[in-house]
Amino acid sequence: MHLGDLAAVGPFFALRTDAGPTGPAGPADPPGDGYLPLAEPALRARVATVAERLGTEDRRVAASIAFQGIAGRLLSIALGSAVLTGGVPDLTGPTLWWHPARTAPDDLWLPRPAALPPGTDPVPLIATSVLHDRLAALHHLTRAVVPVSGRLLWGNAASSLAGSLRVLHTWCLEQDRPEDAARAITVTRALFEDPLLRGTGTLTTRGGPSFRRRSCCLYYRVPSGGMCGDCVLRTR
């Protein structure tokens, strides 16, 4: 299975990898209109987009949901690739582009993707490149743009990872790939031991992956919103 085939698992696992109609002129040139680097302008635009779509003026809610969405995209791609292709794409470079007005699968574009150095254990690669590089930077940037709890944001990342696992695990079993389903659980469990995710919630796998977080993403503050299935408030 190749990186481009991950879309079969679900839209959050998809990554656009073509060079576009003419291809980028250089490593720092966007491959199409509206795509921006994963930096402050893109994040501000995404927070505004999320706020408008949710119908909320609470920027903390919008920032929380925006961060959870991009965390889910990056972690799904990394986890799915590690389990199904045996490698992890390099999501840290300047050629990863984000379209803040679009949603999965059309929001992320990585022309000419390169794989990180191969290894028998993908956990350190994902932890280093996604958690401690991309997401740590976005975590810091999100809190600089909107005053939102750092613990809440890492809880969002953990919830996103657990959600990615549920989707991938179900798909693997449906495709008669039990070894890959088991591998998805193993990789995810190891990632939850990383200092950035440790203590964010409880992951259980008996009878299928399930997660209970120790924080709340604030979605209940959205007009006509409610509590997520893994929300800490459900047990209070």
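How many bridges join strand 4 to strand 5? The two strands, of which strand 4 covers residues 201-204, run antiparallel and are joined by 4 bridges.

## Basis of the model

This is a predicted model, in which local features need pLDDT of at least 70 and side-chain atom pairs count only at pLDDT 80 or more, while totals for chains, interfaces and linings use all residues. Residues are numbered from 1 along each chain as its sequence is written, and side-chain values use heavy atoms, with hydrogens and water left out.

## Strands and their pairing

Helices (H or I, at least four residues) and strands (E, at least two) are DSSP runs numbered from the N terminus, and two strands pair if DSSP finds at least two bridges between them. In the hairpin of strand 4 and strand 5, 5 residues lie between the strands, and G207 takes a positive phi near 75°. L203 stands opposite F211 in strand 5.

An open sheet of 3 strands has the order 1-2-3, with antiparallel pairing. Strand 1 (36-37) and strand 3 (108-109) stand at its edges with a single partner strand each, so one side of each is left without a neighbour in the sheet. Strand 1 pairs with strand 2 (residues 97-98) over 2 bridges in the antiparallel sense, and L36 stands opposite W98 in strand 2.

L131 lies in helix 3 (residues 123-145) and counts as buried, at 1% relative accessibility. When residues up to four places away in sequence are not counted, L131 touches L75, I126, A136, W154, L191, D194, L196 and L197, where contact means heavy atoms within 4.5 Å. Between L131 and V148 there are 17 residues in sequence and 19 Å in space, C-alpha to C-alpha.

## Pocket and cavity

On a 1 Å grid over the protein atoms alone, a cavity is a set of points where a 1.4 Å probe fits but cannot get out, a pocket is an open set with protein on both sides within 12 Å along at least five of seven lines, and lining residues have an atom within 4 Å of a point. About 250 Å³ of space lies in the largest pocket. Of the 15 residues that line this pocket, F12, Q68, G69, G72 and S160 are the closest to its centre. Helix 2 (59-84) and helix 4 (150-174) are the elements that give two or more residues to the lining, and helix 4 provides the largest share, 6 residues.

The structure also holds 1 cavity of 30 Å³ or more, and about 60 Å³ of space lies in the largest cavity. Among the residues that line the largest cavity are G86, G87, V88, P117, P118 and D121.

C216 is in no disulfide, the nearest cysteine sulfur being that of C231, 3.8 Å away. C216 is buried, with a relative accessible area of 12%. The sulfur of C217 is 3.8 Å from the closest cysteine sulfur, in C228, which is too far for a bond, and C217 is buried, with a relative accessible area of 5%.

Methods: A disulfide is a pair of cysteine sulfur atoms within 2.5 Å. Buried means under 20% relative accessible area, exposed over 50%, partly exposed in between (1.4 Å probe, protein chains only). Grid points are joined across faces, edges and corners, and a volume is the space filled by probe spheres set on the points.
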